[in-house]
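Trainee: Could we go through this model together, one question at a time?
Mentor: Gladly; have a look at it first.

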Amino acid sequence: MTDAFIPISALKGRGAATRIAHRFEKEARDAYDDGWGTLENEEADAPSAPQTEVRFEDAKSVLSDNDSPDIPFDRSLNPYRGCEHGCIYCFARPTHSYLNLSPGLDFETKLIAKRNIAEVLRHELGKKNYRPSQIAIGTATDCYQPIERELRLTRSVIEVLRDTNHPFALVTKSSAVERDLDLIAPMAARQLAAVYVTVTTLDGELARKLEPRAAAPHRRLRTIRTLAEAGVPVGVSVAPQIPFVTEDMEQVLEAAWEAGARCAFYTVIRLPWEVAPLFKQWLELHYPQRADRIMARIREMRGGKDYDADFATRMKGSGLWAELIGQRFQKATRRIGFNRDRIPMNLGAFRPPGAAGQGSLF
């Protein structure tokens, strides 16, 4: 990794510090200290923190099929590309490279909204050969990130699923999901909806560094409680687990159970493509004294590499340290009571949508 001058001001409210070059770029530039105060002058002249920019996309398709053996769903949907939450560990950051945008700051500040997602979803659900299967919403980028408050694309998706009695589950770090309880709770009562809330740590200061624009940990716990009290099956994701960084897994699970979560899952940190240099940069900025130690443990779980995409190990890792994390999770969830009673989704209630503009007699 090259040495780079990173002004602290660049980190305010953001996870990544730079617009790191993506893997398809032919040129990459780093700031260099020439001894003449150039870097200090550039910092003084630098603009304020970058503002969020939303670009709109007319999607041709919105449902993605998945046949990966290590993922517990076979169909997913994401209303947005990029995510303003700015989680430094996000495995979806490299997808911005395909848009000729940086997986660094661009991933957090240049967001793509699929403005026609509800119409396209309705069309896809109405195909003659369509067979219902639970749709996982927000598996790559958060479906309730801040721009959802105004754009309401996730809500429009849930409205289509409500109209067709189609089951879904979503995962989020945002309390904004509470806004749509008027849709989610009645569907949950018919075994058509479930929500998972990610709580990486209870340490608010750490969460602000890891996930700078996501809801605070205590607010996520309140969201779990609100969902559970409304009768929504709610789970907790304690992902990702990062050695020597997120060290309170058991406490998170206990707090989530107390709030009303009844199922739980975890993964270990994944560093594909550009995520690895971004995360190393983040470590050097926030935890310079233990950065090498943290990366050594991550590589220990990845066969000596920063990342290994093998289906058998990419979610949980391998080796002694990965086994230790897995044992901690299994013992804690058994002791607390998680994952004992899973409510199956109701696939038999699905009702294909009619043609656009066509109503129903029933």
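**Aromatic pairs and their surroundings**

Mentor: Phe279 and Trp282 are 3 residues apart in helix 10 (residues 275–286), so about one helical turn separates them. Helices here are DSSP runs of H or I with at least four residues, strands are runs of E with at least two, and both are numbered from the N terminus. This is a predicted model, in which local features need pLDDT of at least 70 and side-chain atom pairs pLDDT 80 or more, while totals for chains, interfaces and linings use all residues. Residues are numbered from 1 along each chain as its sequence is written, and side-chain values use heavy atoms, leaving out hydrogens and water.

Trainee: What kind of aromatic pair do Phe279 and Trp282 form?
Mentor: Rings of Phe, Tyr and Trp (its six-membered ring) pair if their centres lie within 6.5 Å; planes under 30 degrees apart count as stacked, over 60 as edge-to-face and the rest as tilted. For Phe279 and Trp282, the centres are 5.7 Å apart and the planes 20° apart, and the pair is stacked.

Trainee: Is Phe279 buried or exposed?
Mentor: Buried means under 20% relative accessible area, exposed over 50%, and partly exposed in between (1.4 Å probe, protein chains only). The relative accessible area of Phe279 is 0%, so Phe279 is buried.

Trainee: Which parts does the pair of Trp257 and Phe338 tie together?
Mentor: The ring centres of Trp257 and Phe338 are 5.2 Å apart with planes at 80°, so this pair is edge-to-face. The two parts lie 81 residues apart in sequence: Phe338 is in the segment after helix 12 (320–336), and Trp257 is in helix 9 (residues 249–259).

Trainee: Which residue in strand 5 is the bridge partner of Tyr80?
Mentor: Two strands pair if DSSP finds at least two bridges between them. Strand 4 pairs with strand 5 (residues 110–114) in the antiparallel sense over 2 bridges. The partner of Tyr80 in strand 5 is Ala113.

Trainee: At what distance from the ring centre of Phe244 does Arg293 lie?
Mentor: A charge sits over a ring if NZ of Lys or CZ of Arg is within 6 Å of the ring centre and within 35 degrees of the ring normal. Arg293 lies over the face of Phe244, and the distance from the ring centre is 3.8 Å.
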